[in-house]
Amino acid sequence: MHNLIQSYEFIHKKLLELNISENAYFKPITPKMTDLELVALNITAEFSGVDSEYQLFRDLEGTYLFDKIERSVYNKRKRKLFNWMEEIRKVIASKFNEFENYFVVDSMPLEVCKLARASRSKICKEVDNAIPNRGYCASQKNHFYGYKLHAVCSVSGVFQSFDLSPASVHDIHFLKDIKNQMTDCVILGDRGYLSAEIQLNLFETVNIKLETPMRANQKDYKKQPYIFMKSRKRIETLFSQLCDQFMIRRNYAKSFEGFKTRILSKLFSLTMVQYLNKFVFDRNINNLKINLI
């Protein structure tokens with residue numbers, strides 16, 4: 001418990017050093033816990049492997065934080081701060097990616113329940129355009145029910161952007177959103193992003209060069225350079241870290257708002273630890289299983 005409080009205070013201090021305001025929006029009645037303190041507590045909980053809010057508040061019992069906020073209020077305010085948290089995460093990511101020219105794009109499945117329960121599941125069905133459905137993961141060769149996490153990271157391993165889509169949405173559709181977020185760079189993808197039309201469109205509109213391996217039966221087949229294949233593995237390592245340390249595939253959310261906030265919290269926590277590794281501790285940014293104090 002002592003380590004949880006100390007880690008929280010350390011992370012809050014480092015967020016303040018980024019010149020981030022304590023509150024995201026005006027509140028008629030000033031709460032005991034500021035928005036930035038809430039975000040710091042959320043990041044600390046995810047980093048410490050406490051992804052259950054019930055367990056978090058059991059751990060906080062007897063500390064000065066326990067009397068600052070009630071669990072249901074914590075949950076509601078956290079969901080309301082989704083856009084603000086993403087803005088802060090992008091500020092931190094920009095410390096790494098401002099001068100990056102090479103990025104990697106990929107997706108991973110996020111299951112909300114087993115296929116056997118899919119027909120009667122009510123999880124995340126309150127938003128019409130974000131209802132989970134059935135999809136297929138080619139790398140794992142299995143069907144699942146839920147969402148896909150689409151993400152772009154730098155070759156050094158820092159997430160630049162991400163999005164969620166129902167499981168049935170093809171990976172290539174995420175590239176249409178990238179045009180509004182990135183320009184003048186090279187993006188490495190697997191064969192799931194192979195499309196001459198999309199490649200040409202990205203290059204002509206925002207000067208993004210999409211590099212994907214060719215299929216063996218394609219005309220004028222050329223093997224992709226080894227350095228590109230090696231660099232693509234970086235995002236796969238990040239996905240593995242999200243599954244292992246941050247338990248991104250373990251879902252307790254019942255609404256889509258709660259689900260997407262949980263996903264962002266885990267990505268934010270990972271990015272924050274990378275920031276601390278580089279700019280505070282001067283060590284490998286992807287050495288995530290560490291003590292902060």
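Modeller: A charge sits over a ring if NZ of Lys or CZ of Arg is within 6 Å of the ring centre and within 35 degrees of the ring normal. The model here is predicted: local features need pLDDT of at least 70 and side-chain atom pairs count only at pLDDT 80 or more, while totals for chains, interfaces and linings use all residues. Residues are numbered from 1 along each chain as its sequence is written, and side-chain values use heavy atoms, with hydrogens and water left out.

Colleague: Thanks! Which residue lies over the face of F82?

Modeller: Charges over rings include R71, whose charged end sits over the ring of Y54, 4.1 Å from its centre. For F82, the distance to the ring centre is 4.6 Å, and the residue over its face is K260.

Colleague: Let's turn to the strands. In β5, which residues point one way, and which the other way?

Modeller: Helices (H or I, at least four residues) and strands (E, at least two) are DSSP runs, numbered from the N terminus. In a regular strand, side chains alternate between the two faces of the sheet. Strand β5 covers residues 185–188, and all of them are buried (under 20% relative accessible area; exposed is over 50% and partly exposed in between, with a 1.4 Å probe and protein chains only). One way point C185 and I187, and the other way V186 and L188.

Colleague: Which residue of β6 does V186 stand opposite?

Modeller: Two strands pair if DSSP finds at least two bridges between them. On one side of the question is β1 (residues 102–113), parallel to β5 with three bridges, where Y102 has V186 as its bridge partner. Strand β6 (residues 208–211) is also parallel to β5, through four bridges. There, V186 stands opposite K209.

Colleague: What is the handedness of the crossover from β5 to β6?

Modeller: The chain leaves β5, passes through helix α7 (residues 196–206) and reaches β6, making a β-α-β crossover. With the strands pointing away from the viewer, a path from the first strand over the helix to the second that runs clockwise is called right-handed. This crossover is right-handed.

Colleague: Which residue in the turn between β2 and β3 has a positive phi?

Modeller: C137 stands opposite N142 in β3. The hairpin of β2 and β3 has four residues between the strands, and the residue with a positive phi of about 55° is K141.

Colleague: Now the rings. What is the angle between the planes of Y275 and F279?

Modeller: The whole structure holds seven aromatic pairs, where rings of Phe, Tyr and Trp (its six-membered ring) pair if their centres lie within 6.5 Å, with planes under 30 degrees apart stacked, over 60 edge-to-face and the rest tilted. Because Y275 and F279 are four residues apart in helix α9 (residues 256–279), about one helical turn separates them. Y275 is buried at 11% relative accessibility, whereas F279 is partly exposed at 40%. Their pair is tilted, with centres 5.1 Å apart and planes at 40°.

Colleague: Which residue's side chain makes a 3.1 Å polar contact with D171?

Modeller: D171 lies in the loop between β4 (159–166) and α6 (174–178) and is buried, with 11% relative accessibility. A polar contact is a pair of N or O atoms within 3.5 Å; within protein, one must be able to donate a hydrogen and the other to accept it, and residues adjacent in sequence count only if both atoms are side-chain atoms. The 3.1 Å contact is with the side chain of K148.

Colleague: Last one: what distance separates the C-alpha atoms of Y252 and S52?

Modeller: Y252 is in the loop between α8 (226–244) and α9, partly exposed at 38% relative accessibility. Leaving out residues up to four places away in sequence, Y252 touches D51, S52 and R262, contact meaning heavy atoms within 4.5 Å. Y252 and S52 are 200 residues apart along the chain, yet their C-alpha atoms are separated by 7.5 Å.
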